[in-house]
Amino acid sequence: EVVSLWQFTDDRKKASSADIGIAYHRIMEFLDFAKICYDNTIDRAYIAERAQYLLEHSSIAEDVYNKLDMDKISDFFTSELGRRAVAAAKAGKLRKEKAFTLATEWEERDVLVQGVIDCCWEEDGEMVLVDYKSNYINPTKNREDEIARIRNEYQAQIDLYSRAIVAIAAIEAIGAQAQVSEMEKAFWGLSDRFEKRETKNLVVDLKSYLTQYPYSTYEDEVRF
């Protein structure tokens, strides 16, 4: 759902750096990464169309929109990291705007951290975390030094978000295992009824099983 964000902020004087950064985030959130790249070619028209849609629906103010450089978004998807994100989206592994609350210890204190993970996915048994930044890079200074400066500024955030991803992945793994356990319990219950020829409502229950567990590893046996 696209929501107008500017109807109550008409007193805003001009596009700030924060406004521009939020707009970039909003476009990245609105894009379907699986549609970005075809035959190794970035669909720049699709990116422009999605940004235009946000503008027309007042999710991005016009003065902010005019400050945006769509090439920066395209450049992300031409990068090695961007292409990995596209591949994850096409594989159904990409997750965006994942809100979390994390209780953890930081600098010898118990803290409660709330945040939103811009983008993450599982890759080769590990989690990849991406957090978009639109900070100014001083062109008069060494680029690598500037990137190191920005990375250092946000290192604490990245460390905390990394902990959140580990916690989320662990919880989801436990949930998935619980789902499998329930699935197995249900299957063997049905199998036992079949062996004992307790056929009352068995067909109905078999259909219910396949509806509840559409990806059951026992699907062929149940259908048989």
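## Pocket, salt bridges and cysteines in a predicted model

Leaving out residues up to four places away in sequence, Tyr132 touches His25, Met28, Phe33, Asp118 and Cys119, where contact means heavy atoms within 4.5 Å. The structure is a predicted model, in which local features need pLDDT of at least 70 and side-chain atom pairs count only at pLDDT 80 or more, while totals for chains, interfaces and linings use all residues. Residues are numbered from 1 along each chain as its sequence is written, and side-chain values use heavy atoms, with hydrogens and water left out.

Tyr132 sits in the loop between β5 and α6. Helices (H or I, at least four residues) and strands (E, at least two) are DSSP runs, numbered from the N terminus. With a relative accessible area of 11%, Tyr132 is buried; the classes are buried under 20% relative accessible area, exposed over 50%, and partly exposed in between (1.4 Å probe, protein chains only). Tyr132 and Cys119 are 13 residues apart along the chain, and their C-alpha atoms are separated by 8.4 Å.

**The largest pocket**

Tyr132 also belongs to the group Asp131, Tyr132, Lys133, Ser134 and Asn135, which lie nearest the centre of the largest pocket among its 28 lining residues. The search uses a 1 Å grid over the protein atoms alone: a cavity is a set of points where a 1.4 Å probe fits but cannot get out, a pocket is an open set with protein on both sides within 12 Å along at least five of seven lines, and lining residues have an atom within 4 Å of a point. The space in the largest pocket is about 1,400 Å³. Grid points are joined across faces, edges and corners, and a volume is the space filled by probe spheres set on the points.

Which elements each supply at least two residues of this lining? They are α1 (17-30), α4 (70-78), β5 (126-130) and α6 (143-153). The largest share, six residues, comes from α1. Sorted by class, the lining has 15 nonpolar, six polar and seven charged residues. Here Ala, Val, Leu, Ile, Met, Phe, Trp, Tyr, Cys and Pro count as nonpolar, Asp, Glu, Lys and Arg as charged, and the others, Gly among them, as polar.

**Salt bridges**

The structure holds eight salt bridges, each defined as a side-chain nitrogen of Lys or Arg within 4 Å of a carboxyl oxygen of Asp or Glu.

| Pair | N to O distance |
|---|---|
| Arg44 and Asp71 | 3.5 Å |
| Glu80 and Arg84 | 3.4 Å |
| Glu153 and Arg149 | 2.9 Å |

The side chains of Arg44 and Asp71 meet in a salt bridge. Arg44 lies in helix α2 (residues 44-56) and Asp71 in helix α4, so this pair ties together parts that are 27 residues apart in sequence. Arg44 is partly exposed at 42% relative accessibility, and Asp71 is partly exposed at 44%.

Glu80 and Arg84 are four residues apart in helix α5 (residues 80-90), a separation of about one helical turn. Glu80 is exposed at 54% relative accessible area, whereas Arg84 is partly exposed at 26%. A network of salt bridges links Glu80, Arg84 and Glu123.

Glu153 and Arg149 both lie in helix α6, four residues apart, about one turn of the helix. Glu153 is partly exposed at 44% relative accessibility, and Arg149 is partly exposed at 31%.

**Positive phi angles**

Most residues other than glycine have a negative phi. Ser58, which is not a glycine, has a positive phi of about 60°. Ser58 lies in the loop between α2 and α3 (62-65) and is partly exposed at 32% relative accessibility. Glu97 is not a glycine and has a positive phi of about 55°. Glu97 is placed in strand β3 (residues 95-106) and is partly exposed, with a relative accessible area of 28%.

**Cysteines**

How many disulfides does the structure hold? The number is zero, a disulfide being a pair of cysteine sulfur atoms within 2.5 Å. Cys119 is in no disulfide, and the nearest cysteine sulfur, that of Cys120, is 6.7 Å away. Cys120 is likewise in no disulfide, its nearest cysteine sulfur being that of Cys119 at 6.7 Å. Cys119 is buried, with a relative accessible area of 0%; Cys120 is buried at 5%. Cys119 is also one of the residues that Tyr132 touches.
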